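These are my notebook entries from going through the model, kept in the order in which I looked things up.

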Amino acid sequence: MRLFLMALGMLFTTLVLLGVAGFLVFAERRVLGFLQNRLGPNRLGPLGIGQALADALKLMSKENFVPDFADPVLYRAAPVLVAFSALASFAVVPLDHHFSWAGNWNIGLLFILAMSSLNAYGVFLGGWASGNKFSLLGAVRAVAQLVSYELPMGLALLGVVLLSGSLSLNGIVAAQNLPYIVLQPLGFVIFLIAGVAETHRLPFDLPEAESELVAGFNTEYGGMRFGYFFLGEYLGLTLIAVLTALLYLGGWHGPWLPGWIWLLIKTAAVIFVFFWLRATLPRPRYDQLMALGWKVLLPLALFNVLATALAAALWRLA
Amino acid sequence: MLLAEMLQKHFAASPVTDGRDGWPDFLLPEEQLLPAMQFLHEQMQPSFPMLLDLTAVDEGPQGDSEAAQYTLTYHLHGLEGCGALRLRVTHCDAELPVPSITGIFANANWYEREVYDLFGLQFSGHPDLRRILLPPLWEGHPLRKSEAIRATERPAYRLSKTDLQEALKAYSDEVLPPESGQTVLNVGPHHPGTHGILRFVLKISGEKIASVDPDIGYHHRGVEKIAEGHTFHNFIPYTDRVDYLGGILGEFPYVRAVEMLADLQLPDRAEGIRTLLAEICRISSHLVWLGSYGNDLGTMGPAFYAFRDRALLLDLIEKYTGGRLHPQFFRIGGVAADLPEDWRDDLLQVLQKVESGLRDTETLTVGNPIFRARTQGIGVLSAAQAEKWGASGIVLRSTGKAWDMRKAAPYGLYDVLDFEVPTSTDGDALARTQLHIDEIRESIRMLRQLADKMPDGATLAADARYALPPKDHTLRDIETLIHHFEQMAGEIGPPAGQVLSITESARGMLAYYIVADGSAHPYRLRVRTPSFPHVQLITELGRDTALPDFIATIGSIDYVLADLDR
């Protein structure tokens, strides 16, 4: 009975997350429209909210097509891997102090980093298995970009871990008497930039780079397989946003309102920033992106870790 | 005249007098072509650095011979030094090759390929003589007079399966030597970065581009052949569509060419209205470029802001002319109608909005550090390169040459307007972006001046023999009625002669070369578009770049696909 309830609960969580991703696609289109002097989809349902459903239905009803020249097994597996790794990461994300699947897990952050690496595999394999030159170029870019930005991201997180003394997300939030954005401003900025790169969204959407690589690693994908990639991207976006809220913005801490509402508000604010970036910025060149990762963010992140450790040690002495 | 003496003395050139445009015009013996070109390009003072255009005319059978005789027409341009120069070479036997001038003018490469493609003339010494606009499987050479003008006069076209497979081979790696370590990347025909159907065959290793071969002709509609089947007036709508973003700017050189043939004097108001509409179209075309170039670099914003302002301009054009993109508003001898009564207020209002909108677009593009990092030092062109490839417009001006036909040989009302020709010496993509913005500002200035000093008067020339007769006059006097009838029925055309009319379109030097034989149809009509040399230039400029820079480079070289292929 317990197992059955758990399975039911997991199914429900997954469905909610899928709903969130679908809603975000719609929200992004409306927000971009608002930022770009146009309307965005506003026909179906109040404010056009039915668009999310219509998009999902359209993708699901399309033919599941595998091109002749693709590697059939990997081509099918890659999108699933992407969606899975994004979904699984949410297991350790708490909505509130007592409301999570594994928010207390003492390797929560490590698990998220591991899943994000798995996500990189999905993207790479998708591009590789498509048998298309544009896809391949996109895939190569994706791997290089994800690897280079995982390092500064991990190092930025280390600052948070040093301060809170915990790898579980519950523990980290509990330790934030003061939101860590105040104690870790540099770490916050590095994490946010690396987060944009990890989710490969504009301005760091080089694996897709529409005007150069057509659609990059997912050029050959259509229908629901493309939908999985899309899902993975928007879930990744949500994940980075909710992590930013949990790790740096004090999670569910906040006056008057219930904790989970605070978390939602903070997450939504971060997501809006992501949309805003996309509406405004051009895409840097590939080598410029790499230079930023290795020559700027990585040294800064290292410095951040050292400074945090030193400050914490001095604090303890005093 | 020194030039004439030199050419006559050393190269046995004989002057020709049927030109109506006032340019020096000589007939050269074929064997003197190469030495004369060499001389004009290298030794002549002032020299002719640029091959403006190269084309041919099918003269039909001459004398006793059965076979057609061809005239090759070379237009050179001296830019600041002196104006254009026309050289003609009579070529009697289509089986024998013409000497190629690619060794002297690099951009003759594509022009000679085009003549080969459309006229079937061979060129000896050409490095890469193959079809350019038509598919390799095409049979026949459409600009020959022996070819039918209408598609319905030909049997239906069928592509056999083996032919198709043969054609598709050009898309694969099979064209490469296997040991080169390179691979073929087809950027296009359907690619978001090419702004339309155009294929760049890139040989790449990694993301590094070893060679670029543009494959053009996907938009080829045979405008030049179509013209031969139309009366002079009938053809005006096609000229809008040659460069579909320029609209009115495409009509300008054509109607001017016919007016030069007929020696028509236009009333000032007609010139004023033409200039007004041309500048509005220039702004609208530049705005499209700005928006889509932002898109090339991955920023979505500028496109929407630029298109918002462009919609205002299109509304304005619609109010003045009835059309939006392709108003077909010019007539031979003037314009179709006078401006509406409140045109001035509307214009000034729209200009103010466009000006403030432009500030936003500027901030989002040249004001953005990532945009600058993507464009600074990318696609750098030198003045010598620009001349060598026949570049004009902003591409040429970005290399420091203040060459603008509106200043150099003013037409319309440009001689009374006060405006600058913005230039830059950087020659890179950023400079070209900035120049587009600066030119919009200059156009706004010009439009404000026009709002002040638009002349009064008639909108059509009084000479109803060649100009479009005003409709209300046709109802009053028989003379005008007869001319109106004869013109509309395709009975009369301008007097025989040749003319080259060059204007500054949004992309550069847009020229119409018309050979008239006195009939109601052009005997030969040649459209020299700026996009054609610009895309040819990419073969050199795109080499040794990486893929992202390649997209940033081709985007910054202003071209429109329909303008490229005609």
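I began with A:Ala102, which I found in the loop between α3 (72–89) and α4 of chain A; helices here are DSSP runs of H or I with at least four residues, strands are runs of E with at least two, and both are numbered from the N terminus. I note that this is a predicted model, in which local features need pLDDT of at least 70, side-chain atom pairs count only at pLDDT 80 or more, and totals for chains, interfaces and linings use all residues. Residues are numbered from 1 along each chain as its sequence is written, while chains are lettered from A and ligands numbered from 1 in the order in which they are written.

Leaving aside neighbours within four places in sequence, A:Ala102 is in contact with A:Ala91, A:Val92 and A:Gly108, contact being C-beta atoms, placed from the backbone, within 7 Å. I also looked up A:Leu169, which is 67 residues from A:Ala102 in sequence and 9.0 Å away in space, C-alpha to C-alpha.

Next I checked helix α4 (residues 108–129) of chain A, whose 22 residues should span 32 Å at 1.5 Å a residue, and whose end C-alpha atoms, 31 Å apart, agree with this; the expected span is 1.5 Å times one less than the number of residues. Just after α4(A), A:Gly131 takes a positive phi of about 70°.

From the unreviewed UniProt entry I took the feature "transmembrane region", placed on chain A at several stretches, among them 151–173 and 180–197; such annotations may be inferred rather than shown by experiment, the feature names are shortened, and the positions are in the numbering used here. Over residues 151–173 of chain A I read 83% helix and 0% strand, with the end C-alpha atoms 23 Å apart, and over residues 180–197 of chain A 94% helix and 0% strand, with the end C-alpha atoms 22 Å apart.

I then turned to the domains, whose bounds come from an automatic or database assignment. Chain A has domain 1 (1–61) and domain 2 (68–317), with 20 Å between their centres, taken over C-alpha atoms. Their contact takes 14 residues from domain 1 of chain A and 17 residues from domain 2 of chain A. On the side of domain 1 of chain A that touches domain 2 of chain A, α1(A) gives the largest share, 11 residues.

For chain B I noted domain 1 (2–147) and domain 2 (223–565), the centres of which are separated by 27 Å, taken over C-alpha atoms. Here 25 residues of domain 1 of chain B and 27 residues of domain 2 of chain B make the contact, and β3(B) gives the most to the domain 1 side, with six residues.

Last, I looked up B:Leu76, which touches B:Leu40, B:Phe48, B:Met50, B:Leu51, B:Leu52, B:Ala84 and B:Leu85, not counting residues up to four places away in sequence.

Technical notes. Contact = placed C-beta atoms within 7 Å.
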